[in-house]
Amino acid sequence: MWTRMDLKMRGREAFRRNYWSCVIVAFLMALFTAATYKYNITENSDSVSYSRQYSYSSVFDIAGLVGMIFTAFAALLAVIMAVVRVVVGYALIVGGSRFFIANQTENASAGTIGYGFTCGSYGNIILTMFLRDLFTALWSLLFIVPGIIKSYEYRMIPYILAENPGMNYKETFQISKQMMYGQKMDVFVLDLSFIGWRILESITFGVVGLFYVEPYYQATFAELYAETRARAFSSGIIH
């Protein structure tokens with residue numbers, strides 16, 4: 001059974017051995033890792049004062065018009081980012097996962113991150129990753145906890161696709177679920193073990209995250225995948 005200390009030590013060693021490639025790949029993955037993009041648009045009703053000197057029978061509320069334009073622009077931007085996440089981000093996440101898997105045993109090339117576009121199974125990757133996010137979101141609508149549990153149940157999907165890009169999405173989901181069986185809480189604690197680094201990342205406005213935390217984190221979870229994959233093979237979950 002794996003331990004947090006062992007995974008993080010091996011991940012750190014693999015990351016440091018191929019430092020700049022890991023930094024580049026982890027940065028590109030981080031751009032598309034966030035599950036949602038949230039835009040908060042508030043309207044202050046006191047920000048516009050109406051003077052009694054104006055007596056137009058029909059007048060455009062300039063502030064309201066600007067607000068509508070801003071809202072429409074923000075909505076359009078959100079749609080564009082969502083589309084980019086689907087058509088570009090999913091493939092980069094899978095390609096990045098493949099990079100960190102390969103980087104365990106060799107100095108992988110940063111170009112590996114483009115694997116999702118060139119493997120011949122781009123459509124299947126996009127479909128499977130989209131369904132992963134969709135199912136997680138739907139479970140989250142019930143309560144927060146089921147959504148969190150499902151997110152950990154689906155944690156291995158990008159790695160499975162990285163090695164088997166043409167695998168049917170149903171099989172991919174099933175294998176990830178079996179691989180994570182009995183490990184979700186341990187993996188949650190592994191995530192929590194990076195909280196100190198995340199605080200430091202915030203304090204340094206992302207600098208530490210870019211040059212250390214993200215590649216260290218991705219390398220550690222590639223080690224986790226290797227461990228769960230080996231256990232799955234030995235227990236007959238996968239063949």
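Visitor: Of the 50 residues in the largest nonpolar core, which touch the most other members?
Guide: This is a predicted model: local features need pLDDT of at least 70, side-chain atom pairs count only at pLDDT 80 or more, and totals for chains, interfaces and linings use all residues. Numbering starts from 1 along each chain as its sequence is written, and side-chain values use heavy atoms, without hydrogens and water. A nonpolar core joins buried Ala, Val, Leu, Ile, Met, Phe, Trp, Tyr and Cys residues through side-chain atoms within 4.5 Å, where buried means under 20% relative accessible area, exposed over 50% and partly exposed in between (1.4 Å probe, protein chains only). Among the 50 members, those that touch the most others are Phe-100, Met-129, Met-156, Phe-221 and Leu-224.

Visitor: Which element gives the most to this core?
Guide: Helices are DSSP runs (H or I, at least four residues; strands are E, at least two), numbered from the N terminus. Two or more core residues come from each of H1, H2 (19-31), H3 (62-102), H5 (122-142), H7 (157-163), H8, H9 and H11. With 11 residues, the top contributor is H11.

Visitor: What does Met-129 touch, not counting residues up to four places away in sequence?
Guide: Met-129 is among the core residues that touch the most other members. Contact means heavy atoms within 4.5 Å. By that test, Met-129 touches Tyr-90, Ile-93, Val-94, Ile-157, Pro-158 and Leu-161.

Visitor: How many helices does the protein chain have?
Guide: The chain has zero strands. Along the sequence, the pattern is α repeated: α-α-α-α-α-α-α-α-α-α-α. The number of helices is 11.

Visitor: What share of the contacts with a separation of 6 or more joins residues 24 or more positions apart?
Guide: The chain has 239 residues, 38% of them buried. Among its contacts with a separation of 6 or more, the share from residues 24 or more positions apart is 75%.

Visitor: How many aromatic pairs are there?
Guide: Rings of Phe, Tyr and Trp (its six-membered ring) pair if their centres lie within 6.5 Å; planes under 30 degrees apart are stacked, over 60 edge-to-face, the rest tilted. One cluster linked by ring pairs holds Phe-15, Tyr-19, Trp-20, Phe-194, Trp-197, Phe-211, Tyr-212, Tyr-216, Tyr-217 and Phe-221. The count of pairs is 17.

Visitor: How do the rings of Phe-194 and Tyr-217 pair, and what is the geometry called?
Guide: Phe-194 lies in the loop between H9 (184-192) and H10 (195-203) and Tyr-217 in H11 (207-235), so the pair ties together parts 23 residues apart in sequence. Both are buried: Phe-194 has a relative accessible area of 0%, Tyr-217 one of 13%. The centres are 5.0 Å apart and the planes at 75 degrees, so the pair is edge-to-face.

Visitor: What does Glu-153 contact, leaving aside its neighbours within four places in sequence?
Guide: Glu-153 belongs to H6. Its relative accessibility is 8%, so Glu-153 counts as buried. Its contacts are Ser-176, Lys-177, Met-180 and Lys-184.

Visitor: Is Phe-205 buried or exposed?
Guide: Phe-205 sits in the loop between H10 and H11. Its phi is positive, about 55 degrees, although Phe-205 is not a glycine. With a relative accessible area of 78%, Phe-205 is exposed.
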